[in-house]
There are 4 protein chains.
Amino acid sequence: MAKATGERTRSNDKRERILQASVKVFARKGFYLSRVAEIAKTAGVADGTIYLYFKNKDHLLISIFEDRIDEMCDAVEAQVAGLTDPAEKLRRIIDMQLGLVAEHRDLAEVLTINLRQSTRFLKQFAAPKFNRYLDTIAAVVQEGQEKGLFRKEISPRVFACSLFGALDGLTLTWVIGRGDAGRLEKAAAAAATILIEGIRARGGAR
Amino acid sequence: MAKATGERTRSNDKRERILQASVKVFARKGFYLSRVAEIAKTAGVADGTIYLYFKNKDHLLISIFEDRIDEMCDAVEAQVAGLTDPAEKLRRIIDMQLGLVAEHRDLAEVLTINLRQSTRFLKQFAAPKFNRYLDTIAAVVQEGQEKGLFRKEISPRVFACSLFGALDGLTLTWVIGRGDAGRLEKAAAAAATILIEGIRARGGAR
Amino acid sequence: MAKATGERTRSNDKRERILQASVKVFARKGFYLSRVAEIAKTAGVADGTIYLYFKNKDHLLISIFEDRIDEMCDAVEAQVAGLTDPAEKLRRIIDMQLGLVAEHRDLAEVLTINLRQSTRFLKQFAAPKFNRYLDTIAAVVQEGQEKGLFRKEISPRVFACSLFGALDGLTLTWVIGRGDAGRLEKAAAAAATILIEGIRARGGAR
Amino acid sequence: MAKATGERTRSNDKRERILQASVKVFARKGFYLSRVAEIAKTAGVADGTIYLYFKNKDHLLISIFEDRIDEMCDAVEAQVAGLTDPAEKLRRIIDMQLGLVAEHRDLAEVLTINLRQSTRFLKQFAAPKFNRYLDTIAAVVQEGQEKGLFRKEISPRVFACSLFGALDGLTLTWVIGRGDAGRLEKAAAAAATILIEGIRARGGAR
DNA sequence: TATGAATGAGTATTCATTCAT
DNA sequence: CATGAATGAATACTCATTCAT
C-alpha cells in the first residue's frame, strides 16, 4: 500500500521499522511497561534516533493508531464504493475489521487494549480519527435507511458505535483467549448476521 | 465509634474509602498517571495505610474491577431471575449495564478505559470475573434458543461478547464525548432493539 | 548470672526476651535488614512493646553489646583474680572469649560483624565499654612486665588490641566459614601460644 | 579530552571518581546512612550515572573492597617476592597493611568498619578476595616452617587470621580514637615483634 | 542523520515509631 | 503495661529525553 512511486525514502523505512517495533513491544508489555530502549533495540536503531522521527513515546502509540486507522478507512471506503447493497457493505466492513485483527494480532492488541490509556489520551488523539471510521459506517447505515432497507428509528451513529463495539468485544475476548483465527472468522459471520438482521427493515422487502 | 450502620467495621470503611478514591483519581488521570499519594490524600488516609489494605497499586485497579463486577453480576442475576421472557431479560441486562455507567461515570471510565492496561493484566486478573458476566448473558441466549425464540445458529458466547462489546462501545463514545445521561438512555433502547431483533427467530412468531 | 535474688521482675524477662530475639534476628539478617516487627514477633510481643523497654532500634544493638560485654568483663575479672601467673591469665582470657563465641554463635556474629555499623556508632556507644575490656587485658600485661615475665618494650595497650583483634579475626573467619566448634578450640590454643610466646621475656627465665 | 595520562579512558575516570566518592561518604556516614545522591554529588555526576557503572549501592561497597584488596595483594606479593627471610616478609606485610591504613584513613574505615554489614554480605562477596590475602600470609608462614625458622605446631592459616586480626584490631582502635599516624607506626613495630617472636622457633637459632 | 552516554526528575513502597484504646 | 493500626518521612532506582560528537 502506498509505495506507488519511489517516494519511500530511507528515512521512511526507518520510521516504519520503529513503528513496527513499537507494535511488537507494546503488544508484549503494554504501553507503560514498554521501554523506549527496547523499542530502539527491536527496531535496530539507537535510542536517540527514535526522537528524530517521533516527538515522544506517546506519539509512537498515537502514530500507530493514526497510520493504521487511516489505512483501514481508506481500504474500507475503497471496498465499499464497489458495492451497492448496504447490507453487503456492512458485511464487508465487518470482514475487513476482523480480518485485520486476525492477520495482525500484535496490532490488534495494541489498538484494542493498549490504546486505552486514559480518557484524556483518547479524547485528545484518538477521537478525531476514530470518528472518521464511525462516520464511514454511519453513512452506510443512512444509505440503507434511505433505501428503505434499514429501520429508520435506529440512529446511524448508535449503530456504528454498537457495531464497532461488538467487533471490539469479540477482538478483546479473542486476544485474551487462545485466539485461533478460525474462531474469529466464525464470530465475524455471526456478528454480521446479528447486526444486519438487527437493523434490517421488516415487512415486504425481505 | 462510627459503626453507624452497625455492619461495616472501621476497616471496611477505610478499604471502601480508598477504593472510591482510586476510582475518582484513576478516572481523572488514568492508571499510570495516578499517584498513590493523591489517592491517599483523596481518601483521607496516610500513604502507608493503603498498603495495609491492598498489596500494591495494581491491586487497587484489580479490586475495583473485582468488587464492582461481582456486585453487577449479583444484581443482574437477581433481576433476571424475576423475568420469564428471554428478550426481556436481555433488555434488562442492557438497561442495567448502561444504567450503572450513567450513574457512576467515574467507575464507567475506569472499567471501560483504565482497566485495559495490558493483555497480561487482563488475562491474569480480569478474565475470570469477566467470564462470569459473559456466561450470565450467554445463559439467557441459550434459554431463548431452547424456547425457540432466538435463532440457534448464533453462538451464545459470540452473542454475549457482541452485546457486551456493543454496550462498551457506546460507553466509550459516551465517556469520550460530552456524555449527558439522556443520550445514553436512548442509545440503550436502540442497542437493545438491534441486538434483540438481531437474534430473534423469524417466521410465524413475529 | 545475676539472678541472685528474686530480683527479675516480669518486665525484665520481657526485656531479656526482646534482647535475645534481637540477637537471633540481627545474626540472621544484619542490623539494617532486620525489622523491628520481626524481632517483636520472634520475642512474642507487640511491636510497640519494644519501645517500652528500649529507646529505639539502635539501642537494641547497643544494649546487646553493653549487657554482654559487662557480663564478659565481670566473668573475666573474676576468673583472672583466682590466678597468679600472668601468662596463665592471658590463656584464660583467650579461652573465655573464644569459648563465648563457640557457645553463642549468634551473639558472636552480632558482636563481631553487626556491631560495626559506622564509626560514629562505635565511637559513641561501643568505645567506653570496649575500653574496659582492653584495660583488663592490659592490666595483666603490665603485671607480667612488672614481674619480669613479659618484655617491657611492648605497650600493654597495643598488646591488648592485638590480642583482641587476633581473636576477633579468628572469630570472623570461623563465623564466615563452616564454623565447627572444635576448630575454634584448636585455634584458641594456637593463638594463645603465639601471643604469649610473642610477649614472653627471653633469657634465663624460660 | 582529558586523557592526560593517555591510559585512562573517560569511563574509567568516572568509575574511579564514583568509587572515591563512595569511600569518602561511607567513611563519614556508614554504609546504610550514606545516600546515593550524596555520593553522586561528591563524585560530580548525576545520580543515574552511578548505575551505568555499578549495579546498585551494594556493589559500590563490594567494588571498593575488591579493587583495593586486589591492589593490596598485588603489592604485597611483589614486595614479598624480593625478600628471602620469612620473618622479614611478615614484617613487610605488617608495615604495608598498616601503612595503607595510615595513608588512607577513609579507606581504612570503610574496610575495617563498614564492610561488615552482614554475615551474608561477607560470605557472598568478601570471602573469596579476603582468602587470597590470608593465603599470601599463610604461604610465608609455611615457608618459615619449612626452613625451620617458625614453629611447626602453629597452623599457618590460624596464624594468618591472627595476624590479620591483630592488625585489624589496631586499626579499629586507631580509627575510633584520635588516630595520629605516628601512633600507628609504633603499634606496627610492636605487633610485628609480638607475632614474629610468637611464631619463631626457639632453640639454637636465636 | 545517527549515536548512546549522561542526565535528573519523579514515585511506589517500606518500616521505625507513635498513641488511642 | 500492652497492643497493633496508622502514620508519613525518606530514598534507591528507573527511564524518557537530550545533545555533544
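**Helix packing, domains and chain pairs**

In chain C, residues C:L61, C:I64, C:F65 and C:R68 of helix 4 meet C:L107, C:V110, C:L111 and C:N114 of helix 6. Two residues are said to be in contact if their C-beta atoms, placed from the backbone, lie within 7 Å. Helices are DSSP runs (H or I, at least four residues), numbered from the N terminus. By class, this contact of helix 4 of chain C with helix 6 of chain C has six nonpolar residues, one polar and one charged. Here Ala, Val, Leu, Ile, Met, Phe, Trp, Tyr, Cys and Pro count as nonpolar, Asp, Glu, Lys and Arg as charged, and the others, Gly among them, as polar.

The model is a predicted one, in which local features need pLDDT of at least 70 and side-chain atom pairs count only at pLDDT 80 or more, while totals for chains, interfaces and linings use all residues. Residues are numbered from 1 along each chain as its sequence is written, and chains are lettered from A and ligands numbered from 1 in the order in which they are written.

The geometry of the helix pair can now be described. The axes of helix 4 (residues 57-81) and helix 6 (residues 105-114) of chain C come within 11 Å and cross at roughly 110°; axes are lines fitted to C-alpha atoms, for helices over the stretch in contact, and angles run from 0 to 180 degrees between N-to-C directions. Helix 4 of chain C and helix 6 of chain C are therefore roughly perpendicular to each other, a term that covers angles of 65 to 115 degrees. Helix 4 of chain C passes helix 6 of chain C in a left-handed crossing, that is, the near helix is turned anticlockwise from the far one by less than a right angle.

Chain A is divided into domain 1 (1-54) and domain 2 (58-199), with bounds that come from an automatic or database domain assignment. The centres of these two domains of chain A, taken over C-alpha atoms, are separated by 25 Å. Ten residues from domain 1 of chain A and 13 residues from domain 2 of chain A take part in their contact. The side of domain 1 that touches domain 2 in chain A has seven nonpolar, two polar and one charged residues.

Between chain D and chain C, the contact takes 40 residues from each chain. Helix 6 (105-114), helix 7 (119-146), helix 8 (156-176) and helix 9 (181-199) of chain D are the elements that give two or more residues to the side touching chain C. Helix 8 of chain D provides the largest share of that side, 14 residues. The side of chain D that touches chain C divides into 22 nonpolar, eleven polar and seven charged residues.

Two copies of a chain are related by a rotation about an axis and a shift along it.

In the pair of chain B and chain A, 40 residues of chain B are in contact with 40 residues of chain A. By contrast, chain B and chain C are joined by no contact, and chain A and chain D do not touch.

Definitions and conventions. Parallel < 35°, antiparallel > 145°, perpendicular 65-115°, else oblique.
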